[in-house]
Amino acid sequence: MENIEITQEVKPPNTSKGPVKWLQNNLFNTWYNTILTCFALVFLFFVFKGVFSWVFIQAKWEVIPANFQILMIGPYPIEHVWRIWIVLWTLAVLLGLSAGIWKGLVLRISTAIAGVGLIFLLVPLDIVKNSEAEYATLEFNINIIYLIFFKRRWLLGCLALLVGTFFIGRNKNGLKKWIIGGWILSFPWTMIMLHGFGENTVSTTNWGGLLLTLLLAAVGIVACFPLGVLLALGRRSKLPAISWVSTIYIETVRGVPLLTILFMGSVILPLFMPGDFQLDKVIRAMVALTLFSAAYMAENVRGGLQAIPQGQVEAAQAVGLTYPKTTLFIVLPQALRAVIPAIVGQFIALFKDTALVFIVGLLELMGIAEGIVGGNPNWQGYHVEVYVLVAAIYFIFCYAMSYVSQKIEADLGVGKH
Amino acid sequence: MRKFLFRVSVLVLAISLVTPLLADNHESVLDKVKNRGKLVCGVHGGLPGFGFLGEDGKWSGFDADFGRAIAAAVLGDPDKVEFVPLDAAERFVALQTGEIDVLIRNTTWTLSRDAELSTDFAPPTFYDGQGFMVPKSLNIKSIKELGGATIGVTAGSTTELNLTDTMRSLGLEFKPISYADIDTLYNSYEAGRVNVVTSDKSQLVARRKDLKNPDDHVILDVTISKEPLGPLTIHGDNEWNDAVSWVVYATFFAEEHNITQENVKSFETDNPEIKRFLGESGEMGKKLGLPKDWAKQIIISVGNYGEIFERNLTPIGLPRGVNKPWTQGGLLYSMPFR
Amino acid sequence: MMEDNSPKVISDKIPFYRDVRFLQVFFQILFLIGIVLLAGFLYSNMLNGLKKQGLELELSFLRTEAGFDISEGIEYESSDTYLKAFSVGVVNTIKVSIIGIFCATFIGFFFGIARLSSNWLVRTIASVYVECFRNIPVILQIMFWYATMLVLPAVDESISLFDSIFINVQGVYLPSLEGTAGLIPWLWYLLVGIILAIIVVLGLAAFRYFFEFRELHETDRPSFISNIIFGAKWVAAPIFLIVTIVGWFLTPEVPFELLQPELQRFGFVGGMNFSPEFTALLIGLTVYTSAFIAEVVRSGIQAVVKGQREAARSVGLKESQVLRLVVVPQAIPVIVPPLTSQYLNLAKNSSLAIAIGFPELFQIGKTMIGQTDQSILIFAMIMVSYLIMSLTTSAFMNWYNRSITRMGRSK
């Protein structure tokens, strides 16, 4: 390069001129890129052809609408389903208000959720089985109105609340504190609503399907976070006893597969319980998941702690803050901010890990799927369809989470050079 | 601060010393179930015909119906039962720790389980036997021809052990592939991954029906083991074991005497034994710690043994076989209601 | 430390229960007592629970006959002991983990670099690959690949390559090398070759070190090691090769023979064989882990400051040289630590083979639990085995990381 060129500030060539130009620049710029493109196109053709013909021609999708209820909520009694809806309504209100106040990412997330809800509202899953001729008739139109306004009134209400509260919440920044409080309270509220008490208890054995998957993930995420932070602080503690115990715990748990811990929870933990005291299956799985991911969380948090310059701690001590105060107000906020992407990655891993609890006999999404194709005599031989649906559900949730994490990463400017 | 910590440590110490003492209180499960107003029954999470979650979110199957029968007898309501799907490895632990009251999950009655595991068996509800299914194209007539075959089996069950025992006693080499879940087992059999599949014959029959070409497969005419499947209760709780046992006998008895779900309410008889059965005379219920009309409630809610069988197992293609009343040459034999 | 900030005069008057040094010790002792109490509490509960079950903790069961068969792995019979059965599982786990780690690294690097390709289509396909496979639980993927294996043709319709490689639903069958009667004599030639080579190399190195370069100053002399390498390359290798090749012809029988798989009634017998369970597990683990490795590689390469690349180009290096000489050496230290945890994840995820019946450590452990009821001891054995594997892997990777970072600095 010549010196003159640099001083002249040559602008980079404009690459985005017309589709032909774009193709040239991105697909056919060199001879090996052209070959690569050709190979890729042939590959894509076969993949798309295969996927298309399977999804639209070969697959026997009737197994999904028939088992939709248990895939979503498992053996949760249908007469108590309103409680799940109440929980969803609460969350919709909170989400709507948050979207109105914070906008940006929250708004984008809630729009996506509303979109998915709308699809579920309008797609006549229940009528899929009926003949095609029916689609043109008047009866079908009435059916659809009946479907949306009566059979799916809960979902309709949910969407209405989401949109309504969004408009209510717009620019009401004063509500911020209340909303955050609401989100924190929503967790125990969900548990109480779903479990109930006295006569109306729906015990955890009856939780299942996607509901249980989400609950396991939520409990794991909420509970492993404080435990992980404690362990990370413990490992970095100057007191040898605490640091040793934390280190041994973290390394042991990270060194063994989740399955062993889940099996310990299901087969061995009951032996360690005193007398007649029992934890039920679901709780044991939650405990196992939490204890497992806490160790990983601890390592993530430790990474953040190590990134804090010692000067920060010394400065805090210089102004007379005690150890708890220094940790809580100076060190942790900075450390956690630095490792948000890693923490979200950990949450995604935890969500995927919930798929393993079916091996210890829990009826979450995978367990229900296995039960349908392995247990129900009506649906044997439908395993591909059911598992594809389960995979799609996991994919949507995990992908959404990783998308959100990337956006947060970009907003915070973490990980940029 | 120090005082506080001291107190805490004393408390922890005290709790840890006291709890083992609290552990042994001998309340019968029967009373526990009555107080709770709900029976907790361990079942198989997905076994066609025996236990699976139906499309409506309710448990169905032969085993589940026996759970309902017990709930009907003890609590007078077949819906007051909660089913807990259990993995093969954890079923006994769940029973021993009291997580479930009764285990009805295709469990074979064996000496070791009876003696070692501290579990008690109630009379078998289903007499099964282990068999083999092979493709017709292999042209196999007896298990002696199975030397060198790849054999599919479900993991962690007596099936696996019976298979090894049998093949060793015949001096045959074979390759076992053990699957954790039944669906994978039969998918791989159908694809030809395993040449032979071995399992309880009930399962083979049920699964053969769902293969693409059922006629291309034969179930060998050999039974290598006895598989009496029945409910289990915790060891040493005789009261509870009696109650469960007599619930099973009641379903046998009703079939012997043609008492069905339909006619039980208006069943008229002079037979004193049937009268005692229906709770019209005698104190049968009281002796068991159950309501007077306990047997009647069972029949009202789930029917007699034949009806339970026809509802759950006939549709999947299982023949009655030896699971017939003794009066018809089967093995079901109710003890006298006296 | 806080007490350092406070003047000495005051600290003398501090009662011992407010002295930080005392409190630290006190807290730790209290903490340890708490842990010990908890452990004791659990232990006594466990003993109670075991008593209820009528069980005792005894390792002697390991020497009794296992009585179950295992479909693949090192030599084993159902009449062998439980310990032997367990070791079959350990070996199978190690086997699938090591092969999986190699494949996943290879594919992961491929897709990681493809994500940075200048070709839009290639970049997009790579991104879709990564996003798809890392966002679906690995257990579902393993089940999917197993279902795919089951679509392969039946035994009598096997795909055959050169009449010696056979692919069917029971697996892939390859010819294997088997030693014959000529193997042992040939091994002697091998040994002689090795000994001869070592003697010659050491002699040569010593000669060169002490005589040939005697005049040179110590710092200028090639090191002893480099002399050995020189000798090994130019003298020892040819000697070794000549001895072994001559030995090959001198032995009465050719030492190895090819054993072809043969079709029998129930399938192919003989030769080397990869079962569908193994293959499905391997593909599942490889694909899942490679998606994560691709991300690790991509961010590692992107972490190399752009200026470095531009500088390399400006001094006239070719694009391939830029990658090989500038980017990769700087990216590797960034890549290795997260790569290590991916390797560990792969090894641990191999326990999911339980869904498809590959007899690895966990599956065999579970069968043993089903048969002996020694659940606590067997779980301890399983966990210790995994722990040893994990610790070994991370120790090795740490050593590797240290050696490459040191190399980078010293030059």
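User: What is the mean pLDDT of chain C, and what share of its residues reach 70 or more?

Analyst: Chain C has a mean pLDDT of 81, with 90% of its residues at 70 or more; pLDDT is the predictor's confidence in each residue, from 0 to 100. This is a predicted model, in which local features need pLDDT of at least 70 and side-chain atom pairs count only at pLDDT 80 or more, while totals for chains, interfaces and linings use all residues. Residues are numbered from 1 along each chain as its sequence is written, and chains are lettered from A and ligands numbered from 1 in the order in which they are written.

User: Where in chain C is confidence lowest, and where highest?

Analyst: The lowest is helix α1 (residues 2–5) of chain C, with a mean of 49, and the highest is helix α4 (residues 82–114) of chain C, at 93; helices here are DSSP runs (H or I, at least four residues), numbered from the N terminus. For the complex, the predictor gives an ipTM of 0.84 and a pTM of 0.84.

User: Ok, how many residues of chain C are in contact with chain A?

Analyst: On the chain C side there are 44 residues in contact with 40 residues of chain A, where two residues are in contact if their C-beta atoms, placed from the backbone, lie within 7 Å. The largest share of that side of chain C, 11 residues, comes from α3(C).

User: And what is that side of chain C like by class?

Analyst: It has 30 nonpolar, 12 polar and 2 charged residues, with Ala, Val, Leu, Ile, Met, Phe, Trp, Tyr, Cys and Pro counted as nonpolar, Asp, Glu, Lys and Arg as charged, and the others, Gly among them, as polar.

User: At what angle do α3 of chain A and α5 of chain C cross?

Analyst: The axes of helix α3 (residues 31–58) of chain A and helix α5 (residues 120–134) of chain C cross at roughly 45° and come within 8 Å; axes are lines fitted to C-alpha atoms, for helices over the stretch in contact, and angles run from 0 to 180 degrees between N-to-C directions. That makes α3(A) oblique to α5(C), since angles under 35 degrees count as roughly parallel, over 145 as roughly antiparallel, 65 to 115 as roughly perpendicular and the rest as oblique.

User: Which residues make that contact?

Analyst: From α3(A) they are A:L36, A:T37 and A:A40, and from α5(C) they are C:L121, C:V122 and C:I125. By class, this contact has 5 nonpolar, 1 polar and no charged residues.

Technical notes:
Helix = DSSP H or I, 4+ residues; strand = E, 2+ residues; numbered from the N terminus.
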